Amino acid sequence: MKLATLKDGTRDGRLVVVSRDITRYTEVAHIAPTLQAALDDWASVSVRLDEVAATLAAGTAPAHRFHEREAHSPLPRAYQWADASAYVNHVELVRKARNAEMPDSFWTDPLMYQGGSDSFLAPRAPIVMPEDESLGIDMEGEVAVIVDDVAMGASEDDARNAIRLIMLVNDVSLRALVPGELAKGFGFFQSKPSSAFSPVAVTPDELGDAWDGGKVHLPLLVSYNGAAFGRANAGVDMTFDFPRLIAHAARTRPLSAGTIIGSGTVSNKEGDGPGRPVADGGAGYSCIAEIRMIETIRDGAPKTPFMRFGDTVRIEMKDDNGRSIFGAIEQTVEPYRE
């Protein structure tokens, strides 16, 4: 089943069921007005939504053309957004870039921060930033899951069973602000502005064999200004899978239905070293910080600038037949003006 939230002038939009080829949708306000409402009563509501999805597939449900530009993030706002760094290769490279040591514990204990969840961006909305390109504007292509209620101290098996939906993320980062904020010992805030999620969220069964219960084994396709930038496989080099991340988040607190858990930047190694750019035949990168680190290792200094006004990023994932699964996040960086 595939679900989306259409913009309708309200804060939370309205929930719709989308066809598998993401070309059509049908209204489901009589079942659940919003995605959060559906998640709050998932056991019963999901059955009815699945029935609607079956009639939409059969061509017997009233249908309208689905336009990705009309979609908000599946949850325009959420009770909680916790983002991890499950691809420890990425953490290692980024820390090297700012001359920060890599603690051994990062390979055994997940790294996670609690992000702002009150104002997610629509997947085709611009990334609006203060008129200062020196902030180090960066995209971060990720995978995320939305969970049902998770009890405090939940096991990884319980966490796996709580995964309800999967989607993609552009976790926007301001790299120039990160070192100063972390140096204060209190974590990210200004360096992590609003994130955007894919137009469509899907139930795990929609991924077929690409979903193993904890990881998505498909390339995350990242294009930057129209050129291929990354195609790292989300199921490779993921040190901590989603059940581990969810259990980590729930160690000392329960998680409410609708909590979003992010994977962190998808990142692949090549042998024992960092990956190569797509232009050189490698899997490329899901953020600019990584290629800058590779350039530093290779050339002594980075040459790829961070995002500037007018730059565009596209993040998408396709099935084995080349069909888009979640729709595409496509955003342009624009200056903020009152």
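This is a selection-by-selection tour of a predicted model.

Numbering starts at 1 in each chain, following the sequence as written, and side-chain values rest on heavy atoms, without hydrogens or water. Local features need pLDDT of at least 70 and side-chain atom pairs count only at pLDDT 80 or more, while totals for chains, interfaces and linings use all residues.

**Stop 1: helix α2**

Select residues 42–58. This is α2, a helix of 17 residues. Helices are DSSP runs of H or I with at least four residues, strands are runs of E with at least two, and both are numbered from the N terminus. From first to last C-alpha, α2 reaches 23 Å, close to the 24 Å expected at 1.5 Å a residue. That expected span is 1.5 Å times one less than the number of residues.

Now colour W42, V45, S46, L49, V52, A53 and L56. These are the buried residues of α2. Buried means under 20% relative accessible area, exposed over 50%, and partly exposed in between, with a 1.4 Å probe and protein chains only. Look down the axis of α2: the buried residues fall within an arc of 120°, so they line one face of the helix. The arc is taken from the directions between the helix axis and the C-beta atoms. On the other side, A43 and A58 are exposed.

What covers the buried residues of α2? The cover includes β1 (2–6), β2, β3, α1 (35–40) and β11. Contact here means heavy atoms within 4.5 Å. Step just past the helix to G59, which takes a positive phi of about 80°.

**Stop 2**

Select β2 (14–18) and β3 (24–27). They run antiparallel, joined by 3 bridges. Two strands pair if DSSP finds at least two bridges between them. V18 stands opposite Y25 in β3. The hairpin has 5 residues between its strands, and I22 takes a positive phi near 45° there.

R20 is in the loop between β2 and β3. It is exposed, with a relative accessible area of 57%. Beyond neighbours within four places in sequence, R20 is in contact with K2 and E206. Draw a C-alpha to C-alpha distance from R20 to A53: 8.7 Å, across 33 residues of sequence.

Continue to β4 (residues 64–65). It runs antiparallel to β3, with 2 bridges between them. R24 has R65 as its bridge partner in β4.

**Stop 3: D148**

Go to the loop between β10 and α4, where D148 is found. D148 counts as buried, at 14% relative accessibility. Leaving out residues up to four places away in sequence, D148 touches L39, W42, A162, R164, L255, S256 and A257.

**Stop 4: helix α6**

Select residues 242–249. Of the 8 residues in α6, 6 are buried: F242, P243, L245, I246, A247 and A249. They pack against β6 (81–84), β7 (112–115), β10 (141–147), α4 (156–161), β11 (163–170) and β17 (260–262).

Which residue caps the N-terminal end of α6? D241 does, with a side-chain oxygen 3.0 Å from the backbone nitrogen of R244.

**Stop 5: a five-strand sheet**

Show the open sheet with the order β8-β21-β20-β15-β16, whose pairing is mixed. At its edges stand β8 (127–129) and β16 (227–230), each with a single partner strand, so one side of each is left without a neighbour in the sheet.

Finish on β8 and β21 (residues 329–335), which pair in the parallel sense over 3 bridges. The bridge partner of I127 in β21 is V333.

How values were computed
Polar contact = N/O pair within 3.5 Å; in protein donor to acceptor, adjacent residues only side chain to side chain.
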